[in-house]
Each structure stands twice: as structure tokens, then as C-alpha cells.
Amino acid sequence: MKDHSSRRRARRIAIGTAVVLALAGMNGPALYRFGSEEYHQYKINRPEYKAENGHWEIVDFPEEYRQNTIHAALLHTGKVLLVAGSGNNQKNFDAKKFDTRLWDPVKKTIKKIPTPTDLFCTGHTQLANGNLLIAGGTKRYEKLEGDVTKAGGLMIVHNENPDKPITLPAGTRFTGKKNGKTFVSKDPILVPRAKKVFDKKTGKFLRNDPGLGRIYVEAQKSGRKYETGTQDNYRVQGLTGADARNTYGIAQKLALDKKDFQGIKDAYEFDPVAEKYIKVDPMNEARWYPTLTTLSDGKILSLSGLDEIGQLVPGKNEIYDPKTKKWTYTKDVRQFPTYPAISLMQDGKLFYSGANAGYGPDDVGRDPGIWDLKTNKFSKVPGMSDKKLLETAGTVLLPPAQDEKYMVIGGGGVGESKKSSKKTRIIDLLADDPKFVDGPELEKGTRYPQSSILPDDTVLVSGGSEDYRGRGDSNILQARIYDAKANSLRRVADPLVGRNYHSGSLLLPDGRVMFFGSDSLYADKANTKPGTFEQRIEIYTPPYLYQGSQPTLGGGPKTVKRGESATFTTKHSASIKTARLIRPSASTHVTDVDQRSIALDLKKTSEGVTVTIPKSRNLVESGWYMLFVTDDQGTPSKAQWVRVP
């Protein structure tokens, strides 16, 4: 008697042969009369083509539910949270029109979710309780040079009083001692008290190190005559006595230069069951473009971002405690560019791939390495090719996660550089002396590549553009599947929609992959026609879902502890080969530090499979996971949701 997989293999060959013969007999001569588009559609829709290359389709979203999706996260309810905020649209921001959608890809329902503030360019990560932590966003949009009418910039406020902090309200005026020009603060500021410094050996008092505060100020009136060219000390108007003596400002050039985006401190948890945002304590630092990374104890590290005055946060990282809902600073500082790709390692340290999404000096925090948060020691790792082209690169923890191998994909030069990289680079962090080696090359230099781990231990790599934000009509309509065992990239079906800046992808529970977003600067090769935000959602069905029916998976507990085993029912246990626990994605700006695929020990019975969860907390972080089993043909089941407490 043939087993399940043999029957499916025979049925697949028979069906494929019958389809080809039928098409040849009925339509063969007509194929030569087809136009190129008609033939292309015929080719990509053939069963045998899909079984080899997969298939793409665009989701039909009613117009009233479309939005400029910037962020997406898969929730343990199986629904997808699509977050736009203002959607990189100044008019939406000015009108306080902030959007979120909740989409059920199975029932095909879409729900509008009230959005409390502008979560455009926020950070997010999955929490142990199944909520999604969201922190940061947009306070003000950038102003390009030429649009800035009032001179302004950063004022560093000093407080030399060691006994108390001082609060300055919004509208505080600062007048230069040399230039005599007055600038006004846009927000309130709390300046900490000065720190008394003593000699460590003698205990003798040495000095007071002033407390420092950063605030954005601008001139009272428009015009170039209010610009300043050099550093000056500024008197704080309205202060008297000791406060007037102890408090002052120092600013460098205050000018009509471009003003970058400015961040917010707000933080929320999105509850997938209640389907609403829940406000928690704000961060200590405002952040726009931050990365949120889970630590060994389940707390969340918030890194980098632009602050409330549009400056790169000066290395002040902080930690969120899901139990208290509060934030505390780390004891040491370390600065990174915005959206740094930083992930938890199995030894509790953090791996930084060097990939990031943009803002920050080109000589600060861009070297890949291993970071011990407890000691603040950062050990650089060598071997990275195209080291200067890591902005807008993708990073993925190759499956299975136990191997601790990372791939860095593509990338480009700092800022609006036209340079992009064809390279993939791979590092084995379990090696005695970890270093990057080149993997298979992409066909084109690629910024913004999307990558999603699949249940069969491969990785789908798709999209991106050759130039910054798709300039010059440079979107790359190609997709490849990377096989870590063979270290090979195989070209598969081409996507229908170009994806660059503000795009992403995530694995769905049925084994398909969803793609969202894209924000081209221009829509033509000559860069004369402004681009429009890509609102279409596209789904890729991998080849493994055209190999016959999926193995079943059901029953079993909803919660399984580390080190424990659980049994799930399946009608196809004889053909099951692997089991994987895949953490759901939270993706934005080519950054998704949540996704990982963990190999599980597997035992088979006549009616089911028993899987065992690894004991390591650093490998298996607390939270909800998709449990997939895959058969001997590489076809995965639909996922069962399992929580690891």
C-alpha cells in the first residue's frame, strides 16, 4: 500500500501531465498567436510552473480601507495589524488623520482601528503576553531647505545647580550674549541637576558637572538676518537669582538648514483580543525610527531614533518592563544609526549586523559586531563585504535558529547615495572566530530587499530597488528562494508589484507570504513624475503549496513550557519530517528582528507527532509562535498557534 506522500506524488504527476496534454491539444496552435502578455499569463498560471516557481496575487482591498501601510505585524489571532499613522503624508499629519487596519487574510475582513497618535516610523515587537509593543513615532515632519523660514536648531541647556533640576516651559526665550539674537523654545524641557564630582582617592570635591537638556529653538521672526554663524552662550529670559546664574544655553549654528523629522516618547501595547491600542508609560527619550529588541529576561530594549529636535538620540538606550509598563535607561550609552538590526543571541549577548535604515553620521555605530549589554563591550566582527553599503540592507536569522547563522542582504550607501550592493554575506556566530563570508550574489544591487523565513528552512528574498527609493524606475521585480543547506539562491516567479522604501513582508499561518508598502520618489526613469505610495497588498504562494495537499495538524495544547513536550494530531504522521516553531513577524523599513524559526525534536506515532521545546530562554523567547510540520515533499501544514510562557 502506497503511503500518503507517494499517492500525492503520483497524483501530482498525473494531473500535471493531463493539464499539459489538454492545453497542447486544445490550445497549442493558438499559443503562437498570443501576445507576449497573454503568453506570460498562460505560462505563470500553468500548474507545473506554479509547482516549480510559486505564484503571486494582489489582494482585493476595498478603496475605503486602503492606506499607506508603513508597519505590519502578524498577531496570534491570525490577523495582521497594518499601521500607517500619517503614512508619510504631510496633509494627513496636519489633519491628525492617523490610520490602522486589522486584516483577516482567511475571512478576508478588514477593520478600521482608532489610532491615538502618529505611529508613522514607530518601533514594534512581539511581547510574551501576545500584545504588540509599539513605541515612538512622529512629532513633526521634516522641512527641506528652502521651506524653512525661521532660523533654528539645537540648544543645549545647562543647569549648574547640584541641588535641584529646573523646568523651562515651551516659549522660553534664549538671547545670545554676543549676537544679541533671541530664539524661542518649541517645547517644555526638564534639565536635570548638576552632578557633584569628587576625587576618588581623597574624596575632595572637584567640580559640578552641569545637568544637560536638549531643546529645539527657532527665531522669533523669519529671514536670513536672524541666522547665527558661530557658537554663542545664551541667557534664559525670565529667570532670576540663583536660577539665572545657574541656567544658560549653548548653541552652535542656528540657521535655515533642512530640519529632520522629530520623534515622540509615546508607547502603546496593541491588544489583539480587544483589538485596540492601550497606552503605557512613555519612553524617557523621544524616538523616530527606533528598533525594539527582546532581551534574555523578556524585557524590551529600545535603541536609536531621532529625538524631539530631530537629532540622533545620543546613545541613551532604554528598557521596557512588560510587568510594570515602565521604561528605565541602560547604565551605559552606545549609539547606532536608526532602525539598527540588533537581535538576541543564544548566549544572551546581542548581534548587530551593521544593517540599518538610514539616519545618523556615516562614522558612528555602523560596524557589525557582538554587544554585551551588561558590560557595554562591543566586539567588531570582520569580513563584511561592501561595508559602506549597509544602509537599507536586510538581515535574517537563517533557519533553523539553533545554527545561529545570519545573512545580510544587499544594501546601499549612506543617505541618498546611488550605490547599492549585490552581495549577500553570511556569518556563523557559533564559530570559534566568527567572520562574514560572501554568499551567492543577487543579480542587481539591491536596496530594501524583503526577506521572510519559510517553514521548510528556506528564505524568500524579494523586491527592493537598485537606487534610493526606487529612483529612475529602478524597482526590482524579482524573487528568489535561498536554501541555507545548499547555500544557493534560486529564481522563482516574479512579483507583480515593485517594492522599495516603506515596504516589508511577513509569513502567514497558512505558509504564504504577504507583502505591503512601497514609497517611490519618482515613477519614471527621468525622475520627473512624482511617485505614489503603493497601497496594494500582494501575496506569494510558495512552490511547496502546489506540491499536493498540505499535511494536517491539529489538537494539542495551546501552551507548552520550555523543555516540555506536546502531542498534536495529524493524519499524515508517516510522512512528517520536521517541526518548526516560527515567531511571528513585526516588519518595517527592512527591519524585522522578531522572525526566527526554531527546530523542534520530533517523534511520530500512528496518529500524531510529539514535539519538544528547547530549554534555552534566549533561543525560545516567551510569546506566541506558529507551529508548522513539514512532510517529505517539503510541504508544510497550516500552523497551530502555541504559547511559550
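Tutor: Happy to. Helices (H or I, at least four residues) and strands (E, at least two) are DSSP runs, numbered from the N terminus. Residues 551-644 are 0% helix and 43% strand, and their end C-alpha atoms lie 24 Å apart. An unreviewed UniProt entry annotates this span as "domain: Galactose oxidase-like Early set"; such annotations may be inferred rather than shown by experiment. Residues are numbered from 1 along each chain as its sequence is written. This is a predicted model, in which local features need pLDDT of at least 70 and side-chain atom pairs count only at pLDDT 80 or more.

Now the sheet. Four strands form an open sheet in the order β44-β42-β47-β48, paired antiparallel; pairing takes at least two DSSP bridges between two strands. At the edges are β44 (597-599) and β48 (640-644), each of which pairs on one side only. On average, neighbouring strands of the sheet are turned by 35° against each other, direction ignored, using lines fitted to C-alpha atoms as axes. Strand β42 (residues 576-582) meets β44 in the antiparallel sense over three bridges, and Leu 581 has Ile 598 in β44 as its bridge partner.

How far can you trust the model? The mean pLDDT (the predictor's confidence in each residue, from 0 to 100) is 93, and 95% of residues reach 70 or more. Residues 1-34 stay under 50, and the model has 31 contacts (heavy atoms within 4.5 Å) for them beyond four places in sequence.

On to the rings. Rings of Phe, Tyr and Trp (its six-membered ring) pair if their centres lie within 6.5 Å; planes under 30 degrees apart count as stacked, over 60 as edge-to-face and the rest as tilted. By this rule there are 25 aromatic pairs. Phe 198 and Phe 205 make an edge-to-face pair, 5.7 Å centre to centre with 70° between the planes. Phe 198 is partly exposed at 45% relative accessible area, and Phe 205, at 40%, is partly exposed too; buried means under 20%, exposed over 50%, partly exposed in between (1.4 Å probe, protein chains only). The rings of Tyr 448 and Tyr 501 have centres 6.1 Å apart and planes at 55°, so this pair is tilted. Tyr 448 sits in the loop between β33 (436-438) and β34 (450-453), and Tyr 501 in the loop between β37 (488-492) and β38 (503-507), so the pair ties together parts that are 53 residues apart in sequence. Tyr 448 is buried at 2%, and Tyr 501 is buried at 13%.

Key
Heavy atoms only, no water. Axes fitted to C-alpha atoms, helices over the stretch in contact; angles between N-to-C directions.
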